[in-house]
Amino acid sequence: MKVLAMARRASRLGLRFPGRSRDLCTGSDDFGMPLHVCVVGSGPAGFYVAKKLLKRFDFARVDILERLPAPFGLVRSGVAPDHPETKVVINQFSRTAEDERCRFFGNVCLGTDVSLEELRKNYHVVVLAYGAESDHRLGIPGEDLEGVFSARQFVWWYNGHPDGKDLPINLNDVETAVVLGQGNVALDVARILLRSPSELSSTDIAEHAVKALRTSRIRKVYVVGRRGPVQAACTAKELREILGLKGVEIVINEADLQTTDCDLEELQSSRIHKRVFDLFCKSATFTKCAGRDKQLQFVFFRAPVSLLAAEDGIHVRGVHLQKTRLEGSHPRKLVGTGEFEELDCGLVLKSIGYKSLPVPDLPFDHKKGVVPNYFGRVRSSDATNETERGLYVAGWLKRGPTGIIGTNEVCAQEVVTSIEEDVNRAVVSNLKEVPGSVGLESILSEKNKRYITFEGWERLNETEMEKGAVKGKPREKIVGIDEALAIGLAKEKE
């Protein structure tokens, strides 16, 4: 009966639907035409969506757009260079890109090279998965002083992201850095500042970054959190790694480890927080350790009030903090105590959260930094439950900058399920024929826009690995876009 009902619906739409016993979404013969899908963003969210679409729909044709020449997004530009095991997922994403039904368009920027409106006209389905490329602001005086950067900017700098290669960071004249935030990214940037450059030199860290770290004078890093060690947002794995750095003394104020009844309740209800708290307790030291020339100090219950300017009025010289405490219960409220103190430093890294950016013609919640959606279907606005036909969102753009790489796979499954439901209900672009990649190629050709295919990326990848092998590294990233394009497009021009 289900097959007959689908056949009648397909007949009304003018689609070919031979009455087979298979589900509508399992073969091109049942659909009558390819299902053209455009995924914007080639990070984990985008690739997981592409993988699941290709698995679910035999007749899907998926094009992946990426504004940079190189794919893999956060895995390439966000994962720390000393965490190579996390990057193994690239092998899985590469297999998806090598599927004959999948195409990669690198160096194509949504909103500049092609509009959202143009994509929606050329594809049955458009999935936006371009992540978060901006940052939340503290909103306090001094935030724009020289020597103040977001953690994202610093991460992009040491990971060789094209937009981060020219970051004006000076490590030669700075002895103390303050990291605001105590999540995993905060620990990443603190670890890179403190780890021995000789250890980093065998990773895929950008060459300009490891050169700067070799001459860095930074010897002390404060990692500051508004709440206490019980509420720290990092994972035990990340914390254990930074606590075990060679030549680094760990300093924690003993008073910060005292717990209240509410703290104990939190620890009992969260194994993750308990593991983190136990690590803090085991690692706390209150006397200087001989033979350690660097220091990492965790500062709890402090909120930044302002960033202090040096005498020149241009550079940062410190952070003005207010002491805080947690009051009440379920939920507990963070309040200031009216007591203040300062930390002297020459570098401040703000690790308070990534932020997604909107593009023209896209509904966007500026306060939350996400696209309003219903199980991945883009809502026309927060004030209505109506959704945009054929338009979906995934990853950080859908749920905010939370979770680990694997979280995106769960998120992608939810989005693909919504797409499947909409295809079955014939509400995706009315299932009319659209040009798909042919239309995209025409748009790019008219604008004389050069793009890199996945074969072009493989040439770039091979070049990076060859350059890295000479230096005993897994790869030497090519950070200039022009150089990357020259390599990626070389064979295509012949």
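In which loop does N107 have its place? The residue N107 lies in the loop between strand 3 (102–106) and helix 6 (116–122); helices (H or I, at least four residues) and strands (E, at least two) are DSSP runs, numbered from the N terminus.

The model is predicted: local features need pLDDT of at least 70, side-chain atom pairs count only at pLDDT 80 or more, and totals for chains, interfaces and linings use all residues. Residues are numbered from 1 along each chain as its sequence is written, and side-chain values use heavy atoms, with hydrogens and water left out.

**View 1. Overall composition of the protein.** The secondary structure comprises 19 helices and 18 strands. Of the 494 residues, 55% count as buried, where buried means under 20% relative accessible area, exposed over 50%, and partly exposed in between (1.4 Å probe, protein chains only). Among contacts with a separation of 6 or more, 74% are made by residues 24 or more positions apart; a contact means heavy atoms within 4.5 Å.

View 2. N107 is not a glycine, yet its phi is positive, at about 70°. N107 is buried, its relative accessible area being 7%. F301, likewise not a glycine, has a positive phi of about 55°. F301 is placed in the loop between strand 10 (294–299) and strand 11 (302–309).

**View 3. Salt bridge between R217 and E175.** The two side chains meet at 2.7 Å, N to O, a salt bridge being a side-chain nitrogen of Lys or Arg within 4 Å of a carboxyl oxygen of Asp or Glu. This pair links distant parts of the chain, 42 residues apart: R217 belongs to the loop between helix 10 (207–214) and strand 8 (220–224), and E175 to the loop between helix 7 (151–159) and strand 7 (176–180). R217 is partly exposed, with a relative accessible area of 39%, and E175 is partly exposed at 46%.

**View 4. Salt bridge between K477 and D204.** The side chains of K477 and D204 form a salt bridge of 3.9 Å, N to O. The partners are 273 residues apart and link distant parts of the chain, with K477 in the loop between helix 17 (454–470) and helix 18 (481–488) and D204 in the loop between helix 9 (197–200) and helix 10. K477 counts as buried at 6% relative accessibility, and D204 is buried at 8%.

View 5. E327 and R325 meet through their side chains in a salt bridge of 2.9 Å, N to O. E327 is partly exposed, with a relative accessible area of 34%, as is R325, at 39%. Elsewhere, salt bridges that share partners join D82, D188, R191, R195, E199, E238 and E241 into one network. The count of salt bridges comes to 44.

**View 6. Contact of helix 11 with helix 13.** The axes of helix 11 (residues 236–243) and helix 13 (residues 271–283) come within 9 Å and cross at roughly 15°; axes are lines fitted to C-alpha atoms, for helices over the stretch in contact, and angles run from 0 to 180 degrees between N-to-C directions. The two helices are therefore roughly parallel to each other, since angles under 35 degrees count as roughly parallel, over 145 as roughly antiparallel, 65 to 115 as roughly perpendicular and the rest as oblique. From helix 11, A236, L239, R240 and L243 meet R275, V276, L279, F280 and S283 of helix 13.
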